Amino acid sequence: MPLISAGCLEGPFQRAIHTFKYRSRPDLGDRLASHLAGAVQEASLPLVSLAFVPLHPQRARQRGFNQAERLARSLGKALELPVQDGLSRIRATGPQVGLAGREREANVAGAFSWVGRGTPPAVTGLVDDVCTTGATLLEAARALNTAGGSVGAFLVLAVAHTLPAPVVTLPE
């Protein structure tokens, strides 16, 4: 599964992502998504749509927005791809920060389901802000696959140093 990233989770890029996500700055989504759009275009993947990792409704209310949805919508405009919103987080999960790989997998196990109309599209790009171990992305992809769709690539702003180098990384 290709993992497309705009960069590594470090330095000014990490600070920008954290400001976007934790300091309620949804306006940064368009600028951050433009970096990811360049990486996706360079990868030349045959994606037909985008989906995003959903937040549980309780977490979405606390944060005021879903950063992955904001990124997916900006990315969809830039790439001229429709954004699917049928993936749902059906179980509240604790934060992934501070958890090891197996703990992250257990934390998100069974947390997602496709609740959209019909079957999700094939060759969908699954969008999230960061990828640390891949546990959240893999579990969300499992829900899309179970519903009859397929994920053509994982699309994230940044990858943590815990992962091998992504397929495409553009400089900050």
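The model is predicted: local features need pLDDT of at least 70, side-chain atom pairs count only at pLDDT 80 or more, and totals for chains, interfaces and linings use all residues. Residues are numbered from 1 along each chain as its sequence is written, and side-chain values use heavy atoms, leaving out hydrogens and water.

**Confidence**
- The protein chain has an average pLDDT (the predictor's confidence in each residue, from 0 to 100) of 86.
- A score of at least 70 is reached by 90% of the residues.
- By element (DSSP runs numbered from the N terminus: helices, H or I, of at least four residues; strands, E, of at least two), mean pLDDT is highest in E2, at 96, and lowest in strand E7 (residues 168-169), at 43.
- Over residues 164-172, pLDDT stays under 50.

**Helix H4**
- Helix H4 (residues 67-79) has 13 residues.
- Asn66 caps the N-terminal end, with a side-chain oxygen 2.9 Å from the backbone nitrogen of Ala68.
- Glu80 follows H4 and has a positive phi, near 55 degrees.
- Buried residues (under 20% relative accessible area, 1.4 Å probe, protein chains only) of H4 include Leu71, Leu75 and Leu79.
- Their cover includes helix H1 (11-22), helix H2 (29-43) and strand E5 (124-131).

**Helices H5 and H6**
- Helix H5 (residues 101-108) packs with helix H6 (residues 135-146) at about 35 degrees.
- Their axes (lines fitted to C-alpha atoms over the stretch in contact, with angles from 0 to 180 degrees between N-to-C directions) are 9 Å apart.
- Arg104, Glu105 and Val108 of H5 meet Ala135, Thr136 and Glu139 of H6 (heavy atoms within 4.5 Å).

Methods:
Expected span 1.5 Å × (residues − 1). Buried < 20%, exposed > 50% of the residue type's maximum accessible area, 1.4 Å probe, protein only. Polar contact = N/O pair within 3.5 Å; in protein donor to acceptor, adjacent residues only side chain to side chain.
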